[in-house]
Structure formats: C-alpha cells, structure tokens
Amino acid sequence: MPIDRHARTMLPIPDRPGPSLTTYDAKDPDTAYPPIMPLLPPEGAPNVLVILLDDVGFGASSVFGGPCRTPNAERLAAGGLRYNRFHTTALCAPTRQAMLTGRNHHSVGMGSITETATSAPGNSSLRPNTKAPIAMTLKLNGYSTAQFGKCHEVPVWQSSPIGPFDAWPSAGGGFETFYGFIGGENNQWEPALYEGTTPVEPPATPEEGYHLTEDLADRTIGWIRTQKALAPDRPFFAYLAPGATHAPHHVPAEWADRYKGQFAEGWDAQREKTFARQKELGVIPADAELTPRHDEIPAWDDMPDDLKPVLEREMEVYAGFLEHTDHHVGRVLDAVEDLGILENTLVYYIIGDNGASAEGTVNGAFNEMANFNGMAALETPEFMRSKMDEFGSPTSYNHYAVGWAWAMDTPFQWTKQVASHWGGTRNGAIVHWPKGISEKGGLRSQFTHVIDIAPTILEAAGLPEPTFVNGVQQSPMEGRSMLYSFAEPAAPETHDLQYFEMFGNRGVYHKGWSAVTKHRTPWVMVGGTLPAFDDDVWELYDGASDFSQARDLAAQHPERLHEMQRLWLIEAVKYNVLPLDDRTADRLNPDIAGRPTLVHGTSQTFFPGMGRLSENSVVSIKNRSFSITAEVQIPDAGAQGVIIAQGGRFGGWSFYVHDSAARFTYNVLGIRQFTTVADSPIPPGTHQVRVEFAYDGGGLAKGGDVTIYYDAEAVGTGRVEVTQPMVFSADETTDIGYESGTPVTEDYTPRTSRFRGRIEWVQIDLGLDDHDHFIDPDERMRIAMARQ
C-alpha cells in the first residue's frame, strides 16, 4: 500500500498494519500477507548532491569571474543555473547548521562557531530537537544518506571519544555514513579523520601522495557507486564538504605553480580585472559599481617591495588550491554522470560557506594560529620570506593576506565574518538538475539564502515538511523553496526578508533594500577598541539599482533607514539573535561563556591508548604553572617514544623519551622550540617521571623554568622563553603513549612515536605549590578526584 503524504508528516512513519485473517498453519491456503515493501520516497524523487566549499569569496572562482580556474563549476553552470544573489551567514559553522536544517543560524543555536558558544540560546551551539536536519527527514522517508568532509556543528564539549554523539553526522545528524573531520579546519596533508564516530588514520602519507580533498572525493565516489549498485531504486542524499579552501592552504606545488606571476600586480589590480570579467560574463549587472577599498585594508602599492614576492606566492597557492578542489569535485560529477543518473540528480554546488577569509593578517601567515594567539608579530617579513617556498606544503600552515581576501570578494565590501555587507555573505551558487530545469546556462537573481536549500529539496522530492520527528513536534522551516525560480527567470522572489548578524556585524534585507552596520574587523582578534552597539553607524542601500552596495543612501532616506533598523531588531528578537555578543577571547573560556566542560578542577589523569583528545577535552596548561607525572615501566633495553603530547608541528608540547632519557619540548607555533633534556637515562624498572613548568607570570604567553625529575630526583633543567596563550591547534589533539597527526618535535615521527616500555598512568596537575616530586600510587586517584 503506498504511503500517503499525510503519513509522511510524522517521522518515523508509523507502522499501521491492517487487520487480516491470522491462520494457524502457514500452509493454509487462506494464509496471505502483503509483500514487505521497502520504504521509498515518492516516485521520481531525485538524488541530491550538495557540494559546499569553504571560505571562497564571490569573486574567486572563474565561474563567477574570478582568477581561480574552476572548469567543472563552469561545466555544471553551463548545464544548469547560476544564482548571483545567494547568501550565507558570514561564518562556516552557522552556514552549515542553517543549510542542514532550513532555519536561521541563531534559531539552531549557532550564532557563531562552536568554540565560542555561550549559554545564550542563539549562541549555545545546541540544535533544538524541534528543528530536525534535512538528512534525518530524508533518511526517514527512504533516502540513503552520507556526508563526507567537514562537520563543524558538534559542540566542543561533545567532541571527545566519549561523546555524546547526538550532534555528530552519523548519529543525530541523520547521515547513515560519515567520513571526515570534526571542527573548523584540518591539515589537508595529515588530517584527524573519523569514520562514523571512530577515529581513523589517513590511508596514506603526504610522501605517498595523500591529500584530504582527493580522499574525500574518492570516498564520495565509492559510496555513490555502492549505493547505486546495491539499491538502485533508492535515491541518495550525498553531502560533500571539503575542508578546502579554508586555511591552511595546502596543495601540491604543481597546482600552485600554474599561477606563477599571475598576481604580480597585486590585489587592487586584481579587483579591477575580476570586475571587468564579471561584467563580461554577465554574472553582475552592467550598471554594477566596484566598491572602494577601505582604509583598514592596505593598498598593494603601500606594501613593502621585499614582501611582495611572499604575498604573490600566497595567492598563487590559494588559486591552485581552489582549482585542485574543483578538479576533485569534477571527479565526483563525472562518476554521477558515468552511472547514468545525472539527469535526475539535483546538484547544488555552493562556492563558499561565507566570504573569503581575512583572518590571515595584512601580511598573510606561515602559521595562521599565530594570529589566533595574538602573536602575529612573530612572523616578521624576514621570517615570511624564509618560508615562502614552503607555502602549501606539509611543513606549512599558511594563509593569505587580508588584501587577497578582499579581492576574492569582488565587487563587494568586506569579507568573511562581516555579516553586514555582501562581501561576507554573498556566495556564488550553481543548481543543476536536467529533469527539473530545462534552461541551460541561465542566471537567476532572486534573493536566496542557504536556509532555502532544505525546503527546495523537500519540494523537489515531493515530500512534506514533517510536523513530528522522533516524537518531537517540529517548528516550521524558516527558508523558502527555490523551486519556483528554476523555470521562471523573472519570477518574483519569495524570500524577501532576511536578517544577518555575526560578532556584532549586522544587517537586514527587505524587498530589495539593505541596512547594514559593520561593528568589528575580522583580522583584529586581540586588542582594538569596539564602539558601543548603539554607536555603530548604519548604511542604507537600494539593491534595485545598486547590486554591490556601493552607494550609501542613509543621509537621503533617514526614515527608511530607521524602518529597516527596527525591522532588524524585530527579526533579531524573533530568531534569538539577542543579546548581541562581540567578545572573542573571553568566549574561548568556557567558565566565562557559560558552556559545559568535560574537565573540572586542577588535575586530570590519563591512561595509555587514550588519544584524539581535543583541547576542550584536556585541562588547560596555558598561562600558568603545571606538572606532568607519569608512572612508567622501563625495560632493561631502555625506553623510547611519547609519554603524552598535545598539539603538533605547528604548536604544542611533548613529554617523551629519546635515547632512554626524558625530554620535554615546547613548540611555539612551529617558529621556536624549547627542549629540556634529562642528564641521564631512566633506569630500568618502575619509576615516576615528571616535568614541572614554573610559569613566570605577569600576563599571557610568558615563559618559565622547566625541571625534569625521576622519582624525587631532579635530573634536568631548562627554559621556555615564550608560550602560546590561547590555542595550540585547531586540528591536532592530545595522545597518550603515541602521537597522531604531525609531531611536536623532530626527535620522532608519528610512526615512531609509540612508547616502547609501559605507561601505567599520566597525570597533569596545575600549580606547583601543593606537592613534592612524587605521587603515592595509592593516593593518586583520591587526589585527582578531590581536585575535580
């Protein structure tokens, strides 16, 4: 019996067997039961493939007039539609949660990224169970579902190996298959990967040619082929979210070298070239204006001449990175076409989850974590010149300069994080569906938003929006289906009201007009003075005649501006935007932010084999004194390997044994390393080895003295001159008895890091004033529990 539309509003669809004769003997001629019918969506429902790139501005890809060649995006657009007024939220995790739920990002608790979540409902990073994701709805309607790549929607206190896993893609997210990474970014050469909720290692090394984007494309292709081989009648929903082109900009050198010399004229000239190309392609109106450069963004001509080769290489690497990404997206599209299913596959190719990233400072970065720690000054021009040949390679963690981000957002003002202006929120989007779109190579200019994708998929599949999911009544989706625009180029837009907000940058769109105010600058992460919210200066733009927000009409239309400001406030109250929160560093502290933590107190005990622990899963040793104690058994032949390590090649620390002697290395951003070595080997037998760090105090990022002990005897001293105050890494983890990812020190590699000997336990204690240099094994757990 076919499932009627009404039944599909309650998911899972209730089992309602009809009354029938029950016989005693199955061989009785009157024994009759209807055949078991697999759950399927309505006949003709399309396969769905959503491809979401990371940190790509409107003016980066060639398909929207940019300098980075994207032939596969061009090919897809030639057979489908380009949308030139498609919008995101200005930041990655909010865009992704909004897209996957069809709701505004504050409605689903993702006012910013998970690492800065607070206890305010709009910023908690917790998706209410009244707002089920589209993958869950499709799965419960008979779709096969899979996600490959980036997931930045897991609250940080739920990202450990112990869960809970409700917010992970393959659990509460509705995806039956997940292969990718959890967090905002990852090393493209040596990523921290998960299959489902299980940590896995990459299948090859960088030396063997491994790259994350290629791996994700391989996995996507393999899954689609398997799905169609085993369940050809069942449509699929596949979501491919590469880490590209988020920093670090990692790509094989030959891809970057394709752009040698192409950016020598700098970002101001590149804006002019892109603008002309955009008009030539028709992806912006003929009367659009190129917005000017703000004073906060330096002119190319004002940059030091001896730094310009470095800046050029930054952009060459980024351009190669985007072309490389598009190449592997093309492999996925080819696989779909080769299977003969492209005709009825609804493809969204969204070129960026926000505007181009200006988080790399005005000079760019060899290690972007320097700026996140307020230590960008360590990367002097001389240092950058010494490292420019490494950009894009496994030994770098690089990002490009602010000026390039601005150029990649041509013709708009500002960049990622700036939710007020289109440079932060307008991204090129391509929709391809031969069965549902007859026009080839069309352009659509209706206002659309990432929250419109989920309702579009449901309408295309003939599925109702559910009113109950897993027993919970659902709130309505806040997006509007885009399906009306597929056949009608000039159809009136249905999404005519939309608020924007990120870290106090805010705006509102209504029936062609936009009112906006920029509150903070994205690359100023430490210091700086922010105005009061009521002192922010608002601007007003008429989108009917001003595509790029080039002409501020606030002075000419003060009453309309006031109406728009009130409208923003009404929408902000409706969708949990208030209270506004422009804090950055304070929100990294969970106690201040009001979010849960896994670790409490001043002590934490670990056991061998524990690993892949994020920084939010480990007691923080930053900006204070601490000790690390381990009870180890040393064989007669001596020991070797990692006792405990946090972070990796681009920032972190390791307590380990090398040549049978204990060592402690503190690695500052991959720029400076400080190593303390014990004077003698650890004797065979059972011992406690310990390192104590006595922090200098007097502020953040200060140094301190290091002492290594075997049992109660001091066996080595050293000095760390400077430390990292905020974060070691966005993707590296803490491991006990080995080290995953990249190594903190060149004294070992991940493959040689496993401890040879036996570790009984490892304990981190904060402070140095309440213990001697030996922990009674019988008292260890009691002390640890008391401190928690």
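Begin with a sheet: select β20, β30, β21, β26, β27 and β28, which in that order make an open sheet of six strands with antiparallel pairing. Strands here are DSSP runs of E with at least two residues, helices are runs of H or I with at least four, and both are numbered from the N terminus. Two strands count as paired if DSSP finds at least two bridges between them. At the edges stand β20 (603-606) and β28 (713-720), each with a single partner strand, so one side of each has no neighbour in the sheet. From one strand to the next, the twist averages 15 degrees; the angles come from axes, which are lines fitted to C-alpha atoms (for helices over the stretch in contact), and run from 0 to 180 degrees between N-to-C directions.

Before moving on, a word about what you are looking at. This is a predicted model, in which local features need pLDDT of at least 70 and side-chain atom pairs count only at pLDDT 80 or more, while totals for chains, interfaces and linings use all residues. Residues are numbered from 1 along each chain as its sequence is written, and side-chain values use heavy atoms, with hydrogens and water left out.

Which residue of β27 is the bridge partner of F693? Select V706 to see that partner.

**The N-terminal stretch in the record**

Now select residues 46-462. UniProt lists this span as "domain: Sulfatase N-terminal" in an unreviewed entry; UniProt positions are given in the numbering used here, feature names are shortened, and annotations may be inferred rather than shown by experiment.

**A helix in the interior**

Select residues 92-101 for helix α2. Is this helix enclosed or open? Because 10 of its 10 residues are buried, α2 is largely enclosed by the rest of the structure. Among the buried residues are C92, R96 and T101. Step along to G102, which follows α2 and has a positive phi, near 75 degrees.

**A buried glutamine**

Go to Q188, in the loop between β6 (177-182) and β7 (193-195). Q188 is buried, at 1% relative accessible area. Beyond its neighbours within four places in sequence, its contacts (heavy atoms within 4.5 Å) include Y210, H211, H250 and F321. Also select A244: Q188 and A244 are 56 residues apart in sequence, yet 8.2 Å apart from C-alpha to C-alpha.

**Rings and charges**

Show the rings of Phe, Tyr and Trp (for Trp, the six-membered ring). They pair if their centres lie within 6.5 Å, and planes under 30 degrees apart are stacked, over 60 edge-to-face, and the rest tilted. By this rule there are 30 aromatic pairs. One of them is the tilted pair of Y397 and F650, at 5.2 Å centre to centre with 45 degrees between the planes. Y397 is in the loop between α9 (381-387) and α10 (402-408) and F650 in the loop between β22 (641-648) and β23 (651-658), so the pair ties together parts 253 residues apart in sequence. Y397 is buried at 2% relative accessible area, and F650 is buried at 7%.

Then select Y259, F263, W267, W300 and W404, a cluster linked by ring pairs.

Finish with W255 and R258: the charged end of R258 sits over the ring of W255, 3.9 Å from its centre. This counts when NZ of Lys or CZ of Arg is within 6 Å of the ring centre and within 35 degrees of the ring normal. At W414, K518 lies over the ring face, 4.5 Å from the centre.

Key: Buried means under 20% relative accessible area, exposed over 50%, partly exposed in between (1.4 Å probe, protein chains only).
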